[in-house]
Amino acid sequence: MEHTGQNSPTRRAVLGAGIAAAGSGLLAACSGDEGTDRSGHGTAAGAGPEGSPARDGKKGDARKGGRHGREDRSLTFTATPSTVELGGGRTFRTWTYNDELPGREVRITAGDTLALKLSNHLPAPTTVHWHGIALPNDMDGVPDVTQPPIKPGDSFSYRYEVPHPGTYWFHPHLGVQVDRGTYAPLIVEDPNEPLSYDHEWVVMLDDWIDGVDGSTPEDVFAQLRKGRPGMAHGKGHDGPGHDGRDGHDGHESDKRGKPHPSGGVPAGAGGARAKDDGKNEPPSPYGGRGPRRLLTGARSKLLGGHAGDVAYPYYLINGRTADDPTQFRAKPGDRIRLRIINAGGETAFRVALGGHRFTVTHSDGFPVRPYKTDAILMGMGERYDVLFTARDGVFPLTALAEGKRGSALAVLRTGSGSPPRPSTRPAELYRKVLTSAARLRPEESVALPRRKPDRQITIKLTGGMERYDWAFDRHPYDPEQIHRIEYGERVRLVLINITEMWHPVHLHGHTYALAGIDSRGARKDTAAVLPHHKLVVDFDADNPGAWMLHCHNIYHSESGMMTTVAYRG
């Protein structure tokens, strides 16, 4: 069955009902005129093979200058169980889009309309969230808030006009599915691109655990929570076979052989059977049977202390491990635009290119004044665009798993030379590091207009590693608890982190400004809050709907560190 939302009540009417009863099963996304073209320009654009993050890294020349008219193309993606080869002949069962890792790049020009039909061939429900895009609320891909989950065997057609150029990506927003292989880049070109360069190199960073020795993200989450069920959008939506293999194992059953209604561990099961030595964790309620994956001693000064809780066996750049990396080929002197996306589930990456310096041009899709640095620290969900001029030789692009053991690697090749070792650590990693976009200033064209906030929302980030009870204001996610604002307001969010861990906080449907002088900080949709620090951001309420605000550590958000900001138009 395909869901498009055509021939339904108006979007405005359903939006109002959805905000009024966001937790009562009334969904703004499955109603309204989602299937119609709001811009009057048809369907949307996506890249062919030359736009994909191919293993050799090669790209066509960047498009420059304006164009005549708008291009509208349609795409079909399939979410499906797959076998992926990550390098060195290692193959694992996981979930992907169209059997590709990462999924095929979607490339479109700002102002065009994206029409993407997702067919769900997975053994569990899923959705697609378009990370960083200011799109209509009913296309945002949040289960039970903006749309019903896409059931196995069903499809859903996403359709919206893409408003802003920049580097974005898309992924599921149900449970911990983003820590599988279902993610892909979304590159929105500027029809009047002001930058001059010869090539683009799109890089997706990831931490990988799915399918390794039987592990699944759900298994890891059960270990972190000691068998207690999640409190966010995965709760109650895990279909049979939610283990990433072939859909046969199903849920952990209670004594009567029935799945536990919460999707979690039945009382008296799971965590109660864990051994004191920690070598054998309880079986996952989602079917995983992997080994212990909990990490201790992960520390980083740049992250303010504790760096993470999951011991990932591999780190990837564009789906490849460091011992069998992707290569990007260019000529000496070429000017290259590097678009970096952290698609990881629980890992910050410190990124540097040996023998080169970066000039940062964009953060989370929006332009900033040029800023020179040797390396960049990126939280989950963040994106940075940089420019560099390629030197002659072979150079490592290293993504160091911050505070953890391991790194990902890709190779820039412009001439002869031996490939870098998998464990190479270019000196640039330890020189000048951009640790926060607070150091950046926005280009004047995208800076928020000077204005005093009309409303302030203060939220404390709470919880801890021992109980894994991450939340906002000590209350795990509840769809009935909504921060209501008014259309047209300038809203200030004050996020106070009273925990011992850092949190990358993401707001759907908007880009906020890091609040500096008169809200003139860089534009972002995801930014880190360090332990015992606060993050102050401003945004304009100009895109009505029910929008999620959450930590983009997928295991934190699924534990309950998530809330809703809502308003009518």
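1. Asp473 is partly exposed, with a relative accessible area of 32%. You will find Asp473 in the loop between β25 and β26 (482-484). Its backbone deserves a look too: phi of Asp473 is near 55°, a positive value in a residue other than glycine. To see what makes that worth a note, remember that most residues other than glycine have a negative phi. Please keep in mind as you read on that this is a predicted model.

2. Now turn to Tyr468, which also has a positive phi, of about 50°, although it is not a glycine. Is Tyr468 buried or exposed? Tyr468 is buried, and its relative accessible area is 0%. The loop that holds Tyr468 runs between β24 (455-462) and β25 (471-472).

3. Tyr468 brings us to a neighbour, as it is among the residues in contact with Asp309. Asp309 belongs to the loop between β12 (305-306) and β13 (314-317). Which residues does Asp309 touch once its neighbours within four places in sequence are left aside? They are Leu224, Arg293, Leu294, Leu295, Glu346, Met465, Tyr468, Met501 and His556. Asp309 is buried, yet it has no salt bridge. The nearest side chain of opposite charge is that of Lys404, 8.2 Å away. A salt bridge needs a side-chain nitrogen of Lys or Arg within 4 Å of a carboxyl oxygen.

4. Leu224, another contact of Asp309, leads us to helix α2 (residues 217-224). How many residues of α2 are buried? Eight of its eight residues are, so the helix counts as mostly covered under the rule that buried means under 20% relative accessible area. Just after α2, Lys226 takes a positive phi of about 55°.

5. A cis peptide bond joins Leu101 and Pro102, with omega about -15°. As a reminder, most peptide bonds are trans. Pro102 is placed in the loop between β3 (90-97) and β4 (106-109). Pro143 lies in the loop between β6 (129-131) and β7 (155-161), and Pro143 is buried, with a relative accessible area of 1%. The C-alpha atom of Pro143 is separated by 9.6 Å from that of Pro172, although the two are 29 residues apart along the chain.

6. Next, look for the largest pocket, which has a volume of about 560 Å³. It is lined by 33 residues, and His164, Gly365, Phe366, Pro367 and Val446 lie nearest its centre. The elements that give two or more residues to this lining are β15 (335-342), β17 (358-363), β18 (366-373) and β32 (534-540). Which of them gives the most? That is β18, with four residues.

7. Finally, step back to the whole chain. There are three helices and 34 strands. Of the 569 residues, 62% count as buried. Among contacts with a separation of 6 or more, 77% come from residues 24 or more positions apart. The accessible surface of the chain comes to about 20,400 Å², and 48% of it belongs to carbon and sulfur atoms.

How values were computed. Residues are numbered from 1 along each chain as its sequence is written. This is a predicted model: local features need pLDDT of at least 70, side-chain atom pairs count only at pLDDT 80 or more; totals for chains, interfaces and linings use all residues. Side-chain values use heavy atoms; hydrogens and water are left out. Buried means under 20% relative accessible area, exposed over 50%, partly exposed in between (1.4 Å probe, protein chains only). Lys and Arg count as positive and Asp and Glu as negative; His and the chain ends are not counted. Contact means heavy atoms within 4.5 Å. Accessible areas come from the Shrake-Rupley method with a 1.4 Å probe; for residues, only the protein chains shown count as cover. On a 1 Å grid over the protein atoms alone, a cavity is a set of points where a 1.4 Å probe fits but cannot get out, and a pocket is an open set with protein on both sides within 12 Å along at least five of seven lines; lining residues have an atom within 4 Å of a point. Grid points are joined across faces, edges and corners, and a volume is the space filled by probe spheres set on the points.
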